[in-house]
Amino acid sequence: MLSQGKSLARPFFPAIVAKMGSNEQISTALEGWAEAKYGTGSKVGGLKRLSGGASQETWAFQVSENGHEMPMILRRAPGGVEAARSSQAIGLAMEATLLTHAAKAGVPVPPVLGVFEDDPQLGQAFVMDRISGETLGRKILRDEEYSYARKILARQCGQALAGIHSIPLENLPELPVSDGITQLEKYESIYRAYDLPRPVFELAISWLKENAPTALPVVLVHGDFRLGNLMVSEKGLASVLDWELAHIGDPREDIAWLCVNSWRFGHADKRVGGFGDLTDLLDAYAAAGGPQMTPRDIDWWEMMGSLKWGIMCMTMYEAFRSGADPSVERAAIGRRVSETEIDLVNLLEGVRNHA
Amino acid sequence: MHDAPSTAELVEAVKRFIDDTASPQLTGHAAFHARVASNVLATILRELEQRPGAEADEKDRLIALLGADVDTPLDALNRELCKRIRSGNMDLSTDGLLDHLKTTTIAQLSVDQPRYSGLALALQSRG
C-alpha cells in the first residue's frame, strides 16, 4: 500500500528519452552479462515483469549454467531512465550500494550480483539474488506456515535494525537527512495545503510539537521497514527489501514505523507489526549493539508514523480531488484517513493516561 | 418528490449488480476496482443511515465545547475547533476535548471502515 503513497509523494516526470527495453532486449542484455559473469554457456530464461510504478520496475528471471539454476531479480528504472525526482527517494545505484553495506553489517538482504550505471539496453539497473519467501502481511500473520517465524520475527527485526543502524555513515554516499521535527513540519505543511481541517490531526500535531524527544545520534534509517517490505520464510526474516526511502535520521523512526497500527493488518494487540512484543524487539536491538530503549521511547515516533500515513492517504485522495487520477480506488482511499485518526486518538489517550 | 425506489434501494441494486453480475466476469485490475466500487457503495449505505444522526450529535457537542452560537454550521465549528487547538487554546488536558474527538472518530469510522482494528480498540477502552 505504501508504494501507492510513495509514487504519489513524488511527481511523475515522463521520460523524455525513448524507452529502452522490450522483453527481448532486456533478456539479451542480461544474457551478455550472465555469460561474462558465469561462463559462455549461461542462458537467461523466465523473464517476467513483477511490478512497476512510476519509480521502479522489478523483473524476475533465472540464469542457468551447466544445469544449475539461479533465480534472480532485476531492479530497473522505468524504461531504463532514472526519472527526475523531487522528493526523498534514492536512486538505483544508491539502493545497490546500501544493500552491499547492509549485507556486510549482517542484515539479511539479497546479495547484489551486478550494477548497470548506463547500459545501452538496461539503462539504470541492478541484479540481485531472488530470495524466496512471503511479503504479504496478512499471510505472514495468518498462515500456519509462518507460525514459527512469527515467534522469532520481533527479535530478528531488532537484530536487523541494529545492523542497519550500525552502518558507518562515513562509508556511505550522500543521503537525504530527515529528523523528527523536519518530518513533522513537512507533513504539517502538506496537510495545511489541502485545507481539509481535521481536529484529530491538529491535536496530534500540537502534541508532537510540544513533546518532541531529544534527537538521538543520527544513523542510516531504512525508512520503510514494515510488513510488506520484509520477506519472511517459515524460518523467519529472510530479507529486508525496498530501500528507496532510506535516509539519515533517528533510529526510533524505523522501530516505530514497524509498530504503526496500519501495518498490523488487524492484529492490533501485537505492537510490533501485529506479530510481536516491542520489549522483545528492543532487547534484541540492544543485544546486537544498539542503544537500550523502552517502549515509551517509541511512542512519539509511532504517533508521528500514524500521522504521516494519514497525510499520505490524504495525498492519494488529493490525486482524485485534483482530477489527476479519477479512479474509484483513489476516491475510496480518502475514507481510510479516519483509520489513522482512530489510531491517533488511541495513542493520545495512552499518553494522556501516562502523563 | 417520490422516494420509491429510495436512494438506499437504488444503491443496493447497483451493488448487487456489481457483486453478482459484473465482478465475476472481470479479471485483474478491473476486478480489483470492481471490489473497491462495491466497498464504496457499502460505505454509502452506512453513510445514508448514520451520517444525519452522527452529525447532529457532533454539532451539539461542538456547540457545548466551544460555547458557540447554535446556528453555526458544522464546518465552521470544526474550523474553529482546529484553530483553538492550533493556537494552544485547547489541548489534551482540555475537559471533554479528547472524548469529543473519540466519539466523532468512532462515528466516522463506523461509516468508513467498520472492521478496522483501531475501532474495536477504541470501543473496548470506552467500555
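**Helix α2(A)**

I began with the face of α2(A) turned away from its buried side, and there I found the exposed residues Glu24(A), Thr28(A) and Ala36(A). (Buried means under 20% relative accessible area, exposed over 50%, and partly exposed in between, with a 1.4 Å probe and protein chains only; helices are DSSP runs of H or I, at least four residues, numbered from the N terminus.)

A reminder to myself: this is a predicted model, where local features need pLDDT of at least 70, side-chain atom pairs count only at pLDDT 80 or more, and totals for chains, interfaces and linings use all residues. Residues are numbered from 1 along each chain as its sequence is written, chains are lettered from A in the order in which they are written, and side-chain values use heavy atoms, with hydrogens and water left out.

Next I listed the buried residues of α2(A): Ile26(A), Ala29(A), Leu30(A), Trp33(A) and Ala34(A). They cover an arc of only 140° around the axis (taken from the directions from the helix axis to the C-beta atoms), which puts them on the same side of α2(A).

I also checked the length. After α2(A) comes Gly39(A), with a positive phi near 115°.

**Second largest pocket**

Which element gives the most to the lining of this pocket? I found that α12(A) does, with six residues.

Note on methods: Helix = DSSP H or I, 4+ residues; strand = E, 2+ residues; numbered from the N terminus.
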